[in-house]
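Hi,

Here is the structure I promised to pass on to you. Have a look at it first, and then read on for what turned up in it.

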Amino acid sequence: MAGKRVLIIGAGLAGLAAGQYARMNGYEARIFEHHTKPGGVVTCWKRGEYFIDGGIHWLMGYKPGSSFHTLYSELGILPEVSCLELTSYGRFVHEESGLSVEVTSDLDRLEQDLKSISPQDGRLVEELVSGGRAFARHGSTGMGLELPDELKGVVRKIQEFWGLRGVLKYFGGRFGRSAAQYAGEFRDPMLRFVVENLFLPDVPVWFVCMVLGLLAQRQMGVLAAGSSSLSEALAGRFVGLGGEISYGCLVEEILVKDDRALGIRLSDGSVHHGDVVISAADARSTILGMLKGRYVDRATHERLDKWELMRPMVMVNLGVAREFHESPSLLLIRPAHPLMIGHVPANLLTVRIFNYSGEFAPPGKTVVQAALETDWDWWHSLRDDPPRYREEKERIAAEVIKCLERHFPGIDSQVEMTDVATPYTFWRYTRNDRGAFMGWLPTPKALMTPIKRTLPGLDGFYMAGQWVTPGGGVPPCLYSGRHAIELICRKHGRPFKPGQA
């Protein structure tokens with residue numbers, strides 16, 4: 001195996017993880033990244049004296065006792081990256097009713113608070129919170145991600161099944177439906193709003209219970225120095241292990257001969273040869289673009305043609321000359337009247353307040369970030385009209401500030417910096433199809449459908465990242481990079497080593 005070379009497309013979390021595990025197992029490894037820095041979706045940027053984090057909301061399973069903690073340690077994320085314990089998921093605010101409720105790690109308090117809002121929904125509240133307690137008791141991390149499905153034998157599957165015995169009943173029936181469907185059973189509009197948006201309306205109810213379980217376990221943390229601290233730690237360790245990252249390199253084609261991947265061609269015409277190619281890039285551009293659609297089976301066609309993508313968003317970042325000591329770091333606001341984002345009405349304003357660390361703004365100041373779902377086609381066409389594109393970004397920022405003024409009087413006059421990222425911005429950074437920053441929409445079907453890391457009929461090629469782990473997220477993407485190398489080691493008849501090179 002000495003001298004075998006792995007070429008990796010994309011320096012996001014999956015590509016960086018694949019690179020590290022390749023080096024740990026004795027492969028030469030080189031990553032090609034179209035952007036000028038690592039991280040992909042996990043990115044931060046400066047606007048004057050403000051530091052904007054456009055990536056990770058929270059890191060799950062970062063404490064000992066979680067299989068995710070082992071993964072982070074293998075990759076040098078821990079203890080290098082500082083995490084702060086998250087005891088409050090966030091505060092839900094329903095403007096029309098004037099009600100609000102904070103979701104904290106205290107599930108008993110959550111049950112009481114929700115029941116006090118709507119006693120008539122008490123049975124449903126008890127059912128949901130009981131699911132959260134079950135996941136807290138029986139473990140909410142790992143979930144069978146430690147090994148790729150392709151390498152799981154019958155014994156391993158039985159072991160995983162047995163390990164989930166305490167929560168198995170939640171993976172079907174009522175808890176296998178989407179959160180939006182489940183929320184529809186609640187009579188009170190405030191409770192419907194909370195349940196539907198505890199994560200995403202499209203995820204199954206068991207996923208919501210898993211999030212509540214993680215919160216109760218105190219296994220959710222925020223990154224003290226922002227998302228880039230994690231991607232930079234990954235990239236730094238990969239290079240320290242002897243890997244190489246080439247930035248500003250857009251891959252146009254994966255070179256194939258006799259149904260075997262043997263290298264890549266960049267947009268500048270240069271060709272790079274390798275023994276294995278791993279794409280941690282966008283699925284559509286990889287399969288239909290770089291590989292010209294030559295290795296597509298029925299299942300892949302169905303995903304590309306029919307599966308829904310994460311809805312793109314507009315992100316409004318504000319530098320505010322104000323401190324927010326009394327506010328949780330996350331607010332989920334249902335405006336009394338929807339905000340028009342492009343031509344799509346937005347009924348949810350997700351507000352992150354970076355008040356838990358001094359890394360994001362000077363003393364006495366704070367970065368406030370608001371995200372709203374929108375439409376890709378509208379923004380993509382608007383990009384051809386720069387004046388209108390700028391005007392729309394300015395209008396949306398003004399609408400967001402107007403909404404925040406109702407909750408933080410005086411903020412209008414305290415805004416010193418405004419930065420607006422659109423779906424086109426996310427595409428420019430990541431090349432993700434239609435600005436889908438987390439790939440496939442994590443519907444009940446998508447989350448329960450295994451996706452192979454290889455393509456039929458093509459040897460020497462593997463995929464990693466959020467397009468083979470529906471729902472994205474930090475641990476699944478990191479594991480997908482590890483999985484690719486595990487499969488490569490098995491192909492070459494070598495034991496997989498999750499340790500230093």
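**Around Leu478**

Leaving aside residues up to four places away in sequence, Leu478 touches Leu13, Ala17, Leu71, Tyr72, Leu75, Ile77 and Leu234. Before going further, please keep in mind that this is a predicted model.

Leu478 belongs to the largest nonpolar core, which has 147 residues; together with Tyr72, Phe92 and Ile278, Leu478 touches the most other members. The biggest contribution to this core comes from helix α8 (residues 205-216), which gives ten residues. Apart from this core lies another one, of 32 residues, and among them are Leu339, Ala370, Trp376 and Val400. As a general background, nonpolar side chains in soluble globular proteins tend to be buried together.

**The five-stranded sheet**

Next, the sheets. Five strands form an open sheet with parallel pairing, in the order β10-β2-β1-β14-β22. Which strands stand at the edges? They are β10 (244-247) and β22 (461-463); each has a single partner strand, so one side of each is left without a neighbour in the sheet. On average, and with direction ignored, neighbouring strands here are turned by 20° against each other.

Within this sheet, β1 (residues 5-9) and β14 (residues 276-279) run parallel and are joined by four bridges. If you want a pair to pick out on screen, take Ile8, whose bridge partner in β14 is Ile278. Ile278 is also one of the core residues that touch the most other members.

Two helices to look at here are α1 and α16. Helix α1 (residues 13-24) packs on the sheet and touches β1, β2 (28-33), β10 and β14. The direction of α1 makes about 165° with that of β2. Helix α16 (residues 474-491) packs on the sheet as well, touching β14 and β22, and its direction makes about 155° with that of β22.

Strands β11 (residues 251-257) and β12 (residues 260-266) run antiparallel, with six bridges joining them. Ile254 has Ile264 as its bridge partner in β12. Two residues lie between the strands of this hairpin, where Asp258 takes a positive phi near 50°.

A hairpin is also formed by β7 and β8; it has four residues between the strands, and Gly98 takes a positive phi near 75° in it. Strand β7 (residues 88-94) pairs with strand β8 (residues 99-104) in the antiparallel sense, over six bridges. Gly90 stands opposite Val103 in β8.

**A pair of helices**

How do helices α10 and α11 cross? The axes of α10 (residues 283-290) and α11 (residues 298-306) come within 11 Å and cross at roughly 120°. That angle makes α10 oblique to α11. The crossing of the two is left-handed. On the α10 side, the contact is made by Arg284, Ile287 and Leu288, and on the α11 side by Thr300, Leu304 and Asp305.

**Backbone spots to check**

Finally, here are a few places in the loops where the backbone deserves a look.

- Lys292 is in the loop between α10 and α11. Its phi is positive, about 60°, although Lys292 is not a glycine. With a relative accessible area of 48%, Lys292 is partly exposed.
- Arg434 is found in the loop between α14 (423-430) and α15 (444-447). Its phi is near 55°, again a positive value in a residue other than glycine. Arg434 counts as partly exposed, at 34% relative accessibility.
- Pro79 has its place in the loop between α2 (67-74) and β6 (83-85). The peptide bond from Leu78 to Pro79 is cis, with omega near 5°.

Happy browsing, and do write back with any questions.

Best wishes

Note on methods
Residues numbered from 1 in each chain as written. Predicted model: local features only at pLDDT ≥ 70, side-chain atom pairs only at ≥ 80, totals over all residues. Heavy atoms only, no water. Core = buried A, V, L, I, M, F, W, Y, C linked by side-chain atoms within 4.5 Å. Buried < 20%, exposed > 50% of the residue type's maximum accessible area, 1.4 Å probe, protein only. Contact = heavy atoms within 4.5 Å. Pairing = 2+ DSSP bridges. Axes fitted to C-alpha atoms, helices over the stretch in contact; angles between N-to-C directions. Parallel < 35°, antiparallel > 145°, perpendicular 65-115°, else oblique. Left-handed = near helix turned anticlockwise from the far one by under 90°.
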